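Subject: Structure for you to look at

Dear colleague,

I am handing over the structure we spoke about, and below it you will find my notes. Please read them with the coordinates open beside you.

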Amino acid sequence: MYKYDQYDQAMVDARVEEFRDQARRRLEGKLTEDQFKPLRLMNGLYLQLHAYMLRVAIPYGTLDSRQMHALADIADKYDRGYGHFTTRQNIQYNWIRLEDAADILADLAKVEMHAIQTSGNCIRNISSDHFAGAAADEVVDPRPYAELLRQWSSFHPEFSYLPRKFKIAVIASEKDRAAMRLHDIGINIVKNDAGELGAAFYVGGGMGRTPMIAPCINPFVPLDQLVTYCEACLRVYNRCGRRDNKYKARIKILVHELGAEEYTRQVEEEFAHLLEQGVEPPHDELMRIIRMFEAPNTDQTAPNDIDRSDPDFALWVDRNTVAHKASGYVSAVISLKPVGGIPGDATAKQMHLMADLAKEYSFDELRVMHTQNIVLPHVRKADLHALWTALDQAGLGSPNLDTVEDIIACPGLDYCSLANARSIPIAQRISERFAETGKTGTLGELKLKISGCINACGHHHAGHIGILGVDRKGVENYQLLLGGSEAEDVSLAKITGPGFDENGIVNAVETVTTVYERERQDGERFVDTYRRIGMNPFKEALYG
Amino acid sequence: MRLLTGNDLKTGAVTWWTGKDWSIHIEEAVNVSGNEDEIARREEAARRVNVPYAVDAEMHDGSPRPSHIKERVRALGPTVRPDLTLKPADPEIGNWVI
């Protein structure tokens, strides 16, 4: 894992004290809210539906037990005993007091964390594959490159006031576990025929009110030019992106309006210019970072056998563990989606437990998934039963990864001032419905995603089944979408037709799964069947 | 009727104008029709409230109830965490919101 050096620590500590002074001046009336708002947002502090909300960055979703314990302590000391893990691998606290905010940032700084650039029109937290460094299918651990980009983008003076917020994802495998092509820049590190590593650049993706899949603008940028190419992409956007209309200000609109070919031409021109300027960080700096991400010292004699005599444990192993590059190990997913629970929420007690288990069983490492679960990336198969037993006793043993119960849901109208409808109760009722009917297992992989407004924090465009909450004359209404994917088979979901009320949308989800069960062929997932038979059979079942 | 609401500057808590002060309990809110801008300006300048604004409401069982669901959720707390609402012991309070 990356460890702060003296410069990192000094920057973060200085920012804490700067914010402490800003908050003091606001409380004393020396700053108006209009003056203070952009300052607090630069430090991740929003004013949400019920109180101030603090969004803390978890770079590329990686953290250690010390940091997870600190997050739990903040939940207990300053909030109401829980936190919410988000779809961008961050954590949010919903009940923060302004007078405590600087102390919280100081506590975070002590464990090499912060909330800088978790809001505002800047480059946000760099996200990555939650199995990075463990995945059997990766060509390299993508996190050192994500870290390099984090350092490049932190306090970057040229990119602190972009036309709009900017999100980057970095992966290094054919399987896309980070919704890479639905980011402003998606980077896939690949190996060419000569065995050299390079970065395929996908630019102009996103969800929100105008969902778009990023086109590939360069299939192979040498990794020693990674930052320079990013800088070129951002420069063209910063220069040409629209600032007159926030709904048309994201880079996806620029790429769409210019056309990918013309945008690429401008990027390449800028790139050629920047290569002459020498903006790429020294190779030694990259190597310094890479050394901090060395693979854990796994036991090469670790057994591969798992005692599957306990059926509940065997089910959890089948659903919630993923192949690891080291023999005798797996990555274990801790579901934050108990039946009827709030997706992504974890109590301070649960966070402490996950931290302790990471220390004991996973080389002191945890990951936050963009699907709002937690990963222990390096677990010996021989330790799985003990791990599962501890998780299960704490309500963290739900065996439902990638099933219809593993629902992404934004905070929705229960917490968010932008939302038009509640998301969480819909997720709760759907998971309860499928748990009751016992169909969760038979439906196989089914990714269901719910957003409470068009901003799409719940990734509804990318769900095999998506749900979008809207406001219909002051009443919550829910549109149903089908056929999306944020994986390597990326696609955007389409709306089925008229929306449903709260009861109707739960029934509608069950109806479309019934069509799938009737129509599926061997080995087909829900989304495969949808792609083969199209929308009409589902519409007929829904609307007659 | 119109209610004036905002957030407490220090805590961020949702507050409602009672005619002489701010309260977290919407039952104590009063109609401010016609005076909302003046009160909001004065109270914000005195830092007794943050970002105040007026919302439409109706009387319901003797108490004001905001017309829009967003303000009702704001007034009570998250519907998915009854324990964190202002009325954790009232099993029927969800009906007031929805």
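In this predicted model, the buried residues of α3(A) pack against β3 (62-64), β4 (82-85), β5 (91-96), α4 (98-110), α11 (348-361) and β14 (365-368) of chain A. The residues concerned are A:S65, A:Q67, A:M68, A:H69, A:A70, A:L71, A:A72, A:I74 and A:A75.

Among the partners of α3(A) is β5(A), and β5(A) is itself mostly covered, with 6 of its 6 residues buried. Strand β2 of chain A (residues 52-56) pairs with β5(A) in the antiparallel sense over 4 bridges, and within β5(A) it is A:I96 that stands opposite A:Y52. β4(A) also runs antiparallel to β5(A), the two being joined by 2 bridges, with A:H84 standing opposite A:Q92 in β5(A).

Turning to the domains, chain A is divided into domain 1 (6-110), domain 2 (127-291), domain 3 (312-393) and domain 4 (408-543). The C-alpha centres of domain 1 and domain 3 of chain A lie 27 Å apart, and 21 residues of domain 1 of chain A are in contact with 21 residues of domain 3 of chain A. On the domain 1 side of this contact, β3, α3 and β4 of chain A each supply at least two residues, and α3(A) gives the most, with 7 residues. By class, that side of domain 1 of chain A has 8 nonpolar, 10 polar and 3 charged residues.

Finally, there is the contact between the chains, where 23 residues of chain A are in contact with 21 residues of chain B. The elements that give two or more residues to the chain A side are α4 and α13 (424-437) of chain A, of which α13(A) gives the most, with 3 residues. The residues of chain A that touch chain B divide into 12 nonpolar, 4 polar and 7 charged.

With best wishes

Methods
Residues numbered from 1 in each chain as written. Chains lettered and ligands numbered in written order. Predicted model: local features only at pLDDT ≥ 70, side-chain atom pairs only at ≥ 80, totals over all residues. Buried ≥ 20, exposed ≤ 12 C-beta atoms within 10 Å, placed from the backbone. Contact = placed C-beta atoms within 7 Å. Domains from an automatic or database assignment. Nonpolar A, V, L, I, M, F, W, Y, C, P; charged D, E, K, R; others polar. Pairing = 2+ DSSP bridges.
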